[in-house]
Amino acid sequence: FAARAKSAKRAEFPAGAKLDVVRTSAKTRGVKRNDINIEPEQKAALRFEFPPANAGGRVAEYEISAVNSGGAEMRVRICATGGLYPKKHGKFSKKVVATVFADRFPVGAESFRVTPLDSFGNAGSAISCDCKAWG
């Protein structure tokens, strides 16, 4: 495992890749199980849009991190579903769109970064966006 991890090509974004972060809202799933009944609710969210990291090695997941002006940082990982398909399949090169609830990130987050990771956890080069997504 260690030898393969060391020699694996890193998943990389294509040249000129751009990260867009859009303020939006999304509905939670809610829970209905036995005596638990939590109704779905609408919450503030951020939508991340970026090209797939299909240059170089195969991407397994993306790490989205956010930092606010006070230096607080939080990270969220999402599955890279496009990386599950062969290169000739249309979904392999489909734009990644991920919606994450805003409360998963520090309040006042201004800087966002997406890093591709391969199945060994090796990180490729990140793309970033400096913007104030919410107040």
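I started with Asn34, which is exposed at 80% relative accessibility (exposed means over 50% relative accessible area, buried under 20%, partly exposed in between, with a 1.4 Å probe and protein chains only). The model is predicted, so I took local features only at pLDDT of at least 70 and side-chain atom pairs only at pLDDT 80 or more, while totals for chains, interfaces and linings use all residues. Residues are numbered from 1 along each chain as its sequence is written, and side-chain values use heavy atoms, with hydrogens and water left out.

**Entry: Asn34**

I placed Asn34 in the loop between β3 (31–33) and β4 (36–38). Strands here are DSSP runs of E, at least two residues, numbered from the N terminus. I then checked the backbone. Asn34 is not a glycine, yet its phi is positive, about 50 degrees. Most residues other than glycine have a negative phi.

**Entry: rings**

I set the pair rule next: ring centres of Phe, Tyr and Trp (its six-membered ring) within 6.5 Å, with planes under 30 degrees apart stacked, over 60 edge-to-face and the rest tilted. I got six aromatic pairs by this rule. One of them is Phe13 with Phe50, edge-to-face, at 5.9 Å centre to centre and 85 degrees between the planes. This pair links distant parts of the chain, 37 residues apart: Phe13 is in the loop between β1 (11–12) and β2 (20–27), and Phe50 is in strand β5 (residues 42–50). I found both Phe13 and Phe50 buried.

Phe105 and Phe112 are both buried.

Ring pairs also join Phe13, Phe50 and Tyr62 into a cluster.

**Entry: Asp118**

What does the side chain of Asp118 reach at 2.8 Å? I found the backbone nitrogen of Asn122. A polar atom of the Asp118 side chain also lies 2.9 Å from the backbone nitrogen of Phe120.

I located Asp118 in the loop between β10 (109–117) and β11 (127–130). Leaving aside neighbours within four places in sequence, Asp118 is in contact (heavy atoms within 4.5 Å) with Ala8, Lys9, Arg58 and Ala60.

Notes: Helices (H or I, at least four residues) and strands (E, at least two) are DSSP runs, numbered from the N terminus. A polar contact is a pair of N or O atoms within 3.5 Å; within protein, one must be able to donate a hydrogen and the other to accept it, and residues adjacent in sequence count only if both atoms are side-chain atoms.
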